[in-house]
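Subject: Structure handover and findings

Hello,

Please find the structure below. My notes on it follow; please read them with the model open.

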Amino acid sequence: MKQLVRRIGQTVALTLPVVLVTTGTLAVTRVPWAPPTSLDQQVVAASSGDGAGIGRTAATTTTSDGLAPQDALRVALMDELRAHNPGSALDLLERAMREQPALTPYCSSLAGELGKAAVRKYQGDVQRARTFARAVCDGSFAAGAAG
């Protein structure tokens with residue numbers, strides 16, 4: 001019995017560090033301070049005009065058009081909504097919030113504006129606009145679509 005307990009202890013002692021290192025490594029692969037991948041750079045570039053804000057704090061920079069980052073993101077979101085659908089614009093908003101945490105204070109207002117724009121896109125059909133709602137920015141899209 002002692003030998004069995006000792007063997008289990010040795011197994012745990014050898015495997016536990018490997019498990020901890022592996023899970024720790026996986027945990028930090030998608031954090032805001034990790035270097036952006038090519039897809040991440042495309043999202044950031046789309047939300048900030050020409051990509052001038054990559055690697056800088058969003059709250060203190062402006063785009064080449066003279067727009068604040070949140071205004072550049074608003075323009076990109078409205079363009080996405082017009083070109084595709086509100087779901088696609090909400091996906092872009094969600095990615096932008098994940099990629100640029102400095103823009104999170106603007107998330108609710110941006111989502112609300114998307115909701116209102118979706119109702120306009122569908123000629124006042126609130127039900128159709130609300131079908132795209134999801135839990136981005138605490139449901140502000142649905143609130144904006146409702147009026």
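Arg82 counts as exposed, at 58% relative accessibility; exposed means over 50% relative accessible area, buried under 20%, and partly exposed in between, with a 1.4 Å probe and protein chains only. The side chain of Arg82 meets that of Asp79 in a salt bridge, 2.8 Å from N to O. A salt bridge here is a side-chain nitrogen of Lys or Arg within 4 Å of a carboxyl oxygen of Asp or Glu. Asp79 is partly exposed, with a relative accessible area of 40%.

Residues are numbered from 1 along each chain as its sequence is written, and side-chain values use heavy atoms, with hydrogens and water left out.

Confidence

pLDDT is the predictor's confidence in each residue, from 0 to 100. The protein chain averages a pLDDT of 76, and 68% of the residues score at least 70. A contact means heavy atoms within 4.5 Å. Where pLDDT is low, the predicted coordinates should not be read in detail.

Overall make-up

The protein chain has seven helices and zero strands. Helices (H or I, at least four residues) and strands (E, at least two) are DSSP runs, numbered from the N terminus. Of the 147 residues, 34% count as buried. Among contacts between residues at least 6 apart in sequence, 61% join residues at least 24 apart. The chain exposes about 9100 Å², of which carbon and sulfur atoms supply 58%; accessible areas come from the Shrake-Rupley method with a 1.4 Å probe, and for residues only the protein chains shown count as cover.

The core

Which residues touch the most other members of the largest nonpolar core? They are Leu73, Leu77, Leu93, Met97, Leu114, Cys137 and Phe141, out of 26 residues in that core. The elements that give two or more residues to this core are α3, α4 (86-99), α5 (107-121) and α7 (140-146). Helix α5 gives the most, with seven residues. A nonpolar core is a set of buried Ala, Val, Leu, Ile, Met, Phe, Trp, Tyr and Cys residues joined through side-chain atoms within 4.5 Å. Not counting residues up to four places away in sequence, Leu114 touches Leu77, Met78, Leu81, Ala89, Leu90, Leu93 and Phe141.

The structure holds four salt bridges. Asp71, Arg74 and Glu113 are linked in a network of them. Between Asp71 and Arg74 the closest N and O atoms are 2.5 Å apart. These two residues are three apart in helix α3 and therefore separated by about one helical turn. Glu113 also forms a salt bridge with Arg74, with the closest N and O atoms 2.8 Å apart. That pair links distant parts of the chain, since Glu113 is in helix α5 and Arg74 in helix α3, 39 residues apart. Asp71 counts as partly exposed at 27% relative accessibility, as does Arg74 at 21%. Glu113 is partly exposed too, with a relative accessible area of 27%.

Other local points

- Glu80 lies in helix α3. Leaving aside neighbours within four places in sequence, Glu80 is in contact with Asn85, Ser88, Ala89 and Leu92. Glu80 and Asp91 are 11 residues apart in sequence and 9.8 Å apart in space, C-alpha to C-alpha.
- Gln123 has a positive phi of about 50 degrees although it is not a glycine. Gln123 lies in the loop between α5 and α6 (126-130) and is exposed, with a relative accessible area of 69%.

Regards

Methods
This is a predicted model: local features need pLDDT of at least 70, side-chain atom pairs count only at pLDDT 80 or more; totals for chains, interfaces and linings use all residues.
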